[in-house]
Amino acid sequence: MRPTRPLGSYRRPSVVLATTAAALLALGTAGCGPADPAAAPQSSASAPASAVTGVVDIRDPWVKAADKGMTAAFATLVNSGDADVTLTGATTSVSPMELHEMTMKDGKMVMRQKEGGIVIKAKGTHVLEPGGDHLMLMDLRQPVRAGDALTVTLTFGDGRTQQFTAVAKPFTGAQESYAPGHGAPMPSMSGQPTTSPAS
């Protein structure tokens, strides 16, 4: 009787241990099996997004604060690639947008839509600035107040797009006006404290 009892008592824990180990092993295998295939597509799906760098490097983006009418967004566009890049369009949720340039007409500096887009040369830089090329926000649907952050989506000639965020700043310089026939005269962008943006 005595030899059987220790055997039975030892046998029972070893059976429990074996069963527990088998269950843990099965659970571990089951956990690793489906998780790995699910994890693999996720990492491969997110890899392109994180690996994709912008078409251009967008530095110091900002937009002129304005209550209504029109305003403009600016930035420095840096092309690190070996081929020229052409910016062909821009969009934002607060208004339609156009690519504009400043040019001389009849002895006056006027603003007009930039034909053919804005070319950023290979290994080059193109500055969007007041009094020069810029992204024009037309017919604002809501005020753009100092401190507001606008998301702008750029479209390039090859179909690629790129987003950036521009923070609104008060600015009263560069009083552009439209070329005749292009649209209504440019409303004044003044009325805000004169603050030159950091370049």
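A salt bridge is taken here as a side-chain nitrogen of Lys or Arg within 4 Å of a carboxyl oxygen of Asp or Glu. By this rule the count comes to eight salt bridges. The model is predicted, so local features need pLDDT of at least 70 and side-chain atom pairs count only at pLDDT 80 or more, whereas totals for chains, interfaces and linings use all residues. Residues are numbered from 1 along each chain as its sequence is written, and side-chain values use heavy atoms, with hydrogens and water left out.

**Confidence**
- The chain averages a pLDDT (the predictor's confidence in each residue, from 0 to 100) of 74, and 59% of the residues score at least 70.
- Residues 6-52 have a pLDDT below 50, and beyond near neighbours in sequence this stretch has two contacts (heavy atoms within 4.5 Å) in the model.
- Over residues 177-199 pLDDT also stays under 50, and the model has 57 contacts beyond four places in sequence for them.

**Salt bridges**
- Arg59 pairs with Asp57, the closest N and O atoms being 2.8 Å apart.
- Asp67 and Arg145 meet in a salt bridge at 2.9 Å, N to O.
- This pair links distant parts of the chain, 78 residues apart: Asp67 lies in the loop between β1 (57-64) and β2 (71-78), and Arg145 in the loop between β8 (134-137) and β9 (149-156). Strands (E, at least two residues) are DSSP runs, numbered from the N terminus.
- Arg160 and Asp158 form a salt bridge at 2.7 Å, N to O.
- A network of salt bridges links Glu101, Arg112, Lys114 and Asp133.

Conventions. Helices (H or I, at least four residues) and strands (E, at least two) are DSSP runs, numbered from the N terminus.
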